[in-house]
2 protein chains.
Amino acid sequence: MSLHEVPILLHRCGDCPIRHRAVCARCDTDELSTLEQIKYYRSYQAGQTVIWSGDKMDFVASVVTGIATLTQTMEDGRRQMVGLLLPSDFVGRPGRQTVAYDVTATTDLLMCCFRRKPFEEMMHRTPHVGQRLLEMTLDELDAAREWMLLLGRKTAREKIASLLAIIARRDAALKLRDSKGPMTFDLPLTREEMADYLGLTLETVSRQVSALKRDGVISLEGKRHVIVNDFARLLEEAGDDSDGGLPV
Amino acid sequence: MSLHEVPILLHRCGDCPIRHRAVCARCDTDELSTLEQIKYYRSYQAGQTVIWSGDKMDFVASVVTGIATLTQTMEDGRRQMVGLLLPSDFVGRPGRQTVAYDVTATTDLLMCCFRRKPFEEMMHRTPHVGQRLLEMTLDELDAAREWMLLLGRKTAREKIASLLAIIARRDAALKLRDSKGPMTFDLPLTREEMADYLGLTLETVSRQVSALKRDGVISLEGKRHVIVNDFARLLEEAGDDSDGGLPV
DNA sequence: TTATTGCTTTGATTCAGATCAAGCGGGAAA
DNA sequence: TTTCCCGCTTGATCTGAATCAAAGCAATAA
């Protein structure tokens, strides 16, 4: 694991390409060496719980590879996903030690962790990191609000199209390809996880995915590999104005 | 307007009571005088739009009196509220100039604004403010995630009970009363606004409010004044574990 | 090779909430 | 006073998604 690949998020500058993996030249490197000292890696198997709601979380972390979800659960078992962590995303909450939702690895997962206390101290010393973290949190809040529109007002078909568009765009960004032309990606979620994301049942998810396929918006190879035949059409189906919201 | 009543949020410390209005002794006062220099007040009438989605927002602000909402709208007019701003809440996004949703005054509204540029500069000088802002943003994100569970998985009755519980609790905090015993408050939202908050239609809101009244969970005086007969019962109806989530 | 298991699809039926449609009640204007 | 208007309630009906129930399919184990 090269040093360049690790503290991606903490060190990217505002005007650098969103998912680049190299450390930006404009960031000073003091923080980098501090981070090096307090970081460690943890890996989880698919399905393993990283941390339970209410537990103490004595680290903050960023996802290196794999996918994790944040979910909330009601006593009777109803579940709602409230966050989806893809590579380079950040989890954890400097300044609060308990976490309010379950964090689960949905695929094999490698996280780069930083012990919370020294991380917080470092944050106090170097405001740059705190500012970057504020920016990231505000982006996350914007994404959450977009998601609220989806949950509250979109139809099942629109929800599915929206989710596919989000994953397609993030996947494209990760691969450093542009968002034009036919896109292709592997769904990182089961039907049930998609349902938890969208506030639907897994049967409805299955039906609507089939419907989008039948209507030629997407094609499938196997259950998981998706080909987006026309991204603009997909966005239209998603009911999104403009281009589907924020840069993700 | 006394100086003490203004930059409430920016200056409260982590362990001070949540909604206190005096400036905490542990905060240094340099920032206060800076803020004094760059602040101004704006008032809006009920129904007036503070700012449209996509517009430039050259200030950040905190609500002094009245209520504002953040809403997202689809082209066909479907609306979802994504934020509810009560007195002492903060709006605005240091580091980004356009806003991604409509901000509307639902009652007469007084806001204490700070010009964005000098505010950002002040933030860079005094990390304390940035840290406080990060903390507030993380709280807002937690609230948004609670809201996502509501939108995705709760029944209409649970949604209404949840909203009433949220308003009752915030109102009690504002009045500095404790949350025990019969609570009483004026609904600050119309049925339609409640519907936009909850992802329902106004007819369903009306029916479920009537149902909670019929079942003795709440009483009404007129359309707007609500008496919560038993707060614990209300929380139970809301389907919330523990006490309904986060401190608001 | 045949089970087993976990995910997925598809079909039949039900139901919570949306939609359509009156009607109510209180406050402001005439 | 009457009229109008706006926010709210209530009723009748419809419908999209949930629920209940069977199979299908692919990968792994036996």
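This is a predicted model: local features need pLDDT of at least 70, side-chain atom pairs count only at pLDDT 80 or more; totals for chains, interfaces and linings use all residues.

Colleague: Which other residues have an N or O atom by a phosphate oxygen of DNA strand C?

Modeller: R191(A) has a side-chain N or O atom 2.7 Å from a phosphate oxygen of DNA strand C. A156(B) uses a polar backbone atom, at 2.8 Å from a phosphate oxygen. A polar contact is a pair of N or O atoms within 3.5 Å. Within protein, one atom must be able to donate a hydrogen and the other to accept it, and residues adjacent in sequence count only if both atoms are side-chain atoms.

Colleague: How many residues surround DNA strand C?

Modeller: 17 residues do, and the closest are R191(A), S206(A), A156(B), T204(B) and R207(B). Sugar and phosphate make up 65% of the DNA strand C atoms that come within 4 Å of the protein. For a residue, "near" means that one of its heavy atoms lies within 4 Å of the molecule or strand.

Colleague: Which element gives the largest share of that surface near DNA strand C?

Modeller: α7(A) does, with five residues. Helices (H or I, at least four residues) and strands (E, at least two) are DSSP runs, numbered from the N terminus.

Colleague: Now DNA strand D. Which residues come nearest?

Modeller: A156(A), T204(A), R207(A), R191(B) and S206(B), out of 17 around DNA strand D. The side chain of R191(B) puts an N or O atom 2.7 Å from a phosphate oxygen of DNA strand D. For the side chain of S206(B), the distance is 2.8 Å.

Colleague: Which element gives the most to the surface near DNA strand D?

Modeller: α7(B), with five residues.

Colleague: Change of topic. How many cavities of 30 Å³ or more are there?

Modeller: Four. The search runs on a 1 Å grid over the protein atoms alone, and a cavity is a set of points where a 1.4 Å probe fits but cannot get out. Lining residues have an atom within 4 Å of a point. Grid points are joined across faces, edges and corners, and a volume is the space filled by probe spheres set on the points.

Colleague: How much space lies in the largest cavity, and what lines it?

Modeller: About 260 Å³. Its lining has 23 residues, and L138(A), V91(B), G92(B), R93(B) and Y101(B) lie nearest the centre. By class, that lining has 13 nonpolar, four polar and six charged residues.

Colleague: And the second largest cavity? How much space does it have?

Modeller: About 120 Å³. Its lining residues include M123(A), P127(A), M123(B) and P127(B). That lining has six nonpolar, four polar and no charged residues.

Colleague: On to strand β3 of chain A. Why is it largely enclosed?

Modeller: Six of the seven residues of β3(A), residues 59-65, are buried, so the rest of the structure largely encloses it. Buried means under 20% relative accessible area, exposed over 50%, partly exposed in between (1.4 Å probe, protein chains only).

Colleague: Which strands does β3(A) pair with?

Modeller: β3(A) pairs with β8(A) in the antiparallel sense over six bridges. V60(A) stands opposite F114(A) there. β3(A) also pairs with β6(A), antiparallel, over two bridges. Two strands pair if DSSP finds at least two bridges between them.

Colleague: Last one. Is H225(A) buried or exposed?

Modeller: Buried, because its relative accessibility is 19%. H225(A) sits in strand β11 of chain A. Its side chain makes a polar contact of 2.8 Å with the side chain of D186(A).

Methods. Residues are numbered from 1 along each chain as its sequence is written. Chains are lettered from A and ligands numbered from 1 in the order in which they are written. Side-chain values use heavy atoms; hydrogens and water are left out. On a 1 Å grid over the protein atoms alone, a cavity is a set of points where a 1.4 Å probe fits but cannot get out, and a pocket is an open set with protein on both sides within 12 Å along at least five of seven lines; lining residues have an atom within 4 Å of a point. Ala, Val, Leu, Ile, Met, Phe, Trp, Tyr, Cys and Pro count as nonpolar, Asp, Glu, Lys and Arg as charged, and the others, Gly among them, as polar.
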